[in-house]
Amino acid sequence: MPPRTGSAPLRDPGPAAPPHEPDLRHHGDAEVRGADAGLTDLAVNVRTGTPPAWLKAHIAASLDGLAAYPDGRAARRAVAARHGLPADRVLLTSGAAEAFVLIARAVAARRPVVVHPQFTEPEAALRDAGHEVGRVLLDARDDFRLDPAAVPEDADLVVVGNPTNPTSVLHPAEVLASLARPGRTLVVDEAFMDAVPGERASLAGRTDLPGLVVLRSLTKTWGLAGLRIGYVLAAADTVAALERAQPLWPVSSPALAAAEACCTPRALAEAAAAAEEIAGDRAHLLARLGEFRQIRTVGPAAGPFVLIRLPDAHGVRAALRDRGFAVRRGDTFPGLGPDWLRLAVRDRATTDRFVTALGEVLR
């Protein structure tokens, strides 16, 4: 097959998995720690320029109540109303990452399966809890699209991202819904769904699918990674089981205040506008990447990041660091290898500066 050019959807065959066991605990923030904090950050998928001033002021006002133990009832009701659900179907968590730990501890599963490539924390949490985890590896030749038939019928816990980190693939809602069935817990990680215009393909408000658990994060769009706030949407009995696995007062008062504020009509409108802006900035990034024959992009991308494949990605990543840019290595994701990189979507001026540096490296 002749090589494809530009940013056409990826079709070239490649190894299904790296030749080594990926480091499931490596995340994008490792690229910009310590002395590397000054790099232009295309490694972490948190929206730049956040949190907004009004949200910071709201969180700061909550500090007057720090002497009292956290009371999550108002935030829980706000999240429930935002999704049109009763409050007993909502569990607030210390970021979406905590939810994966709770699921690993509280959900009895004989054959858990994680669909990869995706965020690695679900598999790491399951393994830490003593589970033997199966992997469904999506194929680069199919642009990492999910065929429901690839999921073993006897899998009683299935974890899948939507849109998926790092591929930026948005699986159709009906495809994911087809995985739900009695006796199976279907976990859909929607941490980046609020960055998708219209949140199309979301299952967050569904109550008709047996065993459905939807995870959401407020840290990406709102710039709250240091505050740690997310939530679970599931049947009331599942929420109760997960809550019993939590320590007391797991979410701080400032984080609860943020959750409540991010569910207001004003905040939802701002998030919707941000999603449209991200879509435009992503289109610009993909167009600029299309200038390089040696780069393949996975598409169509739907998240605030894109996945690319290019020769000597490891060397390119190192050279970009020398030029002031941090990008996310791809070889820590099961199903990818050392020739993959993930790039966060940034504003067009930052993208243009990055593409200039990338061109220098590739030449």
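## Exercises on cysteines and cores

The sulfur of Cys263 lies 6.9 Å from the closest cysteine sulfur, which belongs to Cys262, and this is too far for a bond. The model is a predicted one, in which local features need pLDDT of at least 70 and side-chain atom pairs count only at pLDDT 80 or more, while totals for chains, interfaces and linings use all residues. Residues are numbered from 1 along each chain as its sequence is written, and side-chain values use heavy atoms, with hydrogens and water left out.

**Exercise 1.** Work out how many disulfides the rule counts.

*Solution.* Begin with the rule, by which a disulfide is a pair of cysteine sulfur atoms within 2.5 Å. Next take Cys262, whose sulfur is 6.9 Å from its closest cysteine sulfur, that of Cys263, and therefore too far for a bond. The count by this rule comes to zero disulfides.

**Exercise 2.** Decide whether Cys262 is buried or exposed, and do likewise for Cys263.

*Solution.* Recall the cut-offs: buried means under 20% relative accessible area, exposed over 50%, and partly exposed in between (1.4 Å probe, protein chains only). Cys262, with a relative accessible area of 3%, is buried, and Cys263, at 10%, counts as buried too.

**Exercise 3.** Find which residues touch the most other members of the largest nonpolar core.

*Solution.* Such a core is a set of buried Ala, Val, Leu, Ile, Met, Phe, Trp, Tyr and Cys residues joined through side-chain atoms within 4.5 Å. The largest one has 61 residues, and Leu55, Phe144, Leu146 and Trp222 touch the most other members. Apart from this core lies another, of 26 residues, including Ala301 and Phe325.
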